[in-house]
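Q: Could you walk me through this structure, starting with the ligand?

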Amino acid sequence: MSKKILVINGTVSPEKTSYSIALTKRFIKHYQALNPQDEFIYLDLNKTAMALKTLTVDNFGTFFNAEDTDFYVDQLKNVDKVIISCPMNNFNVSGLVKNYFDHILVADKTFSYKYSKKGDAIGLLPHLKVQILTTQGAPYGWYLWGNHTEYLKGTWEFVGAQVNEPILIAGTKVSPMKELTPEQLIDQYDEQIQKAVKTF
Ligand SMILES: Cc1cc2nc3c(=O)[nH]c(=O)nc-3n(C[C@H](O)[C@H](O)[C@H](O)COP(=O)(O)O)c2cc1C
């Protein structure tokens, strides 16, 4: 049966020079070869009014509205899988992705404490499978005070999703990686991408 896949783009890099977009495209290319019947829905957070809105004291009363929260929560309820790509921006996800989470992480919409026995939250999106595709400028995996890949994994698991092994491309800002085009760098990860596609 055909599945629906939501592809969320959270980078602020232009498409031509973006490593995370090149990674996403390669992942989709391999995925389509194995699952030609599946349907893709593209969500570029740069192009949504929602992801450009930051929660403040002044907009708290209107922030979680039908257009910016319910629409995107329903979108998640109506797809089978999510591919989310995001570079590290100042030790965390981009502001776009944080704004997206601020809109969709809403009690009794995507998680709930109501039926919890031990005081922990129950995720309301257990039907979702998620593939995390991340990049960062620095060559090592993470900072002691920031790991956007783990943040994404924990956040999707919090809403009940099953998260496939994330793919992190670290070191896009240092030599020799930075001398490569995004396509050339992604070539080095091709085997890892193909392996992840098989379990997604
Ligand atoms: C505003 C901004 C903040 C960044 N902060 C970090 C950071 O904290 N740590 C890091 O390793 N790289 C950081 N980078 C580098 C990006 O993660 C890296 O260049 C990434 O590959 C860019 O996104 P792309 O993969 O879509 O091209 C930052 C880049 C930008 C534009």
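A: An oxygen atom of the ligand is 2.7 Å from a polar backbone atom of Met88. This is a predicted model, in which local features need pLDDT of at least 70, side-chain atom pairs count only at pLDDT 80 or more, and totals for chains, interfaces and linings use all residues. Residues are numbered from 1 along each chain as its sequence is written, and side-chain values use heavy atoms, with hydrogens and water left out.

Q: What lies 2.7 Å from an N or O atom in the side chain of Ser18?
A: An oxygen atom of the ligand lies at that distance from Ser18.

Q: Which pocket does the ligand take up?
A: The ligand takes up the space of the largest pocket. A pocket here is found on a 1 Å grid over the protein atoms alone, as an open set of points where a 1.4 Å probe fits, with protein on both sides within 12 Å along at least five of seven lines; lining residues have an atom within 4 Å of a point. A molecule sits in a pocket if more than half of its atoms lie within 2 Å of its grid points.

Q: Which residues lie nearest the centre of the largest pocket?
A: Of its 19 lining residues, Ser13, Pro87, Gly137, Thr172 and Lys173 lie nearest the centre.

Q: Switching topic, what lines the second largest pocket?
A: Its lining includes Val7, Asn9, Glu15 and Tyr42.

Conventions. A polar contact is a pair of N or O atoms within 3.5 Å; within protein, one must be able to donate a hydrogen and the other to accept it, and residues adjacent in sequence count only if both atoms are side-chain atoms.
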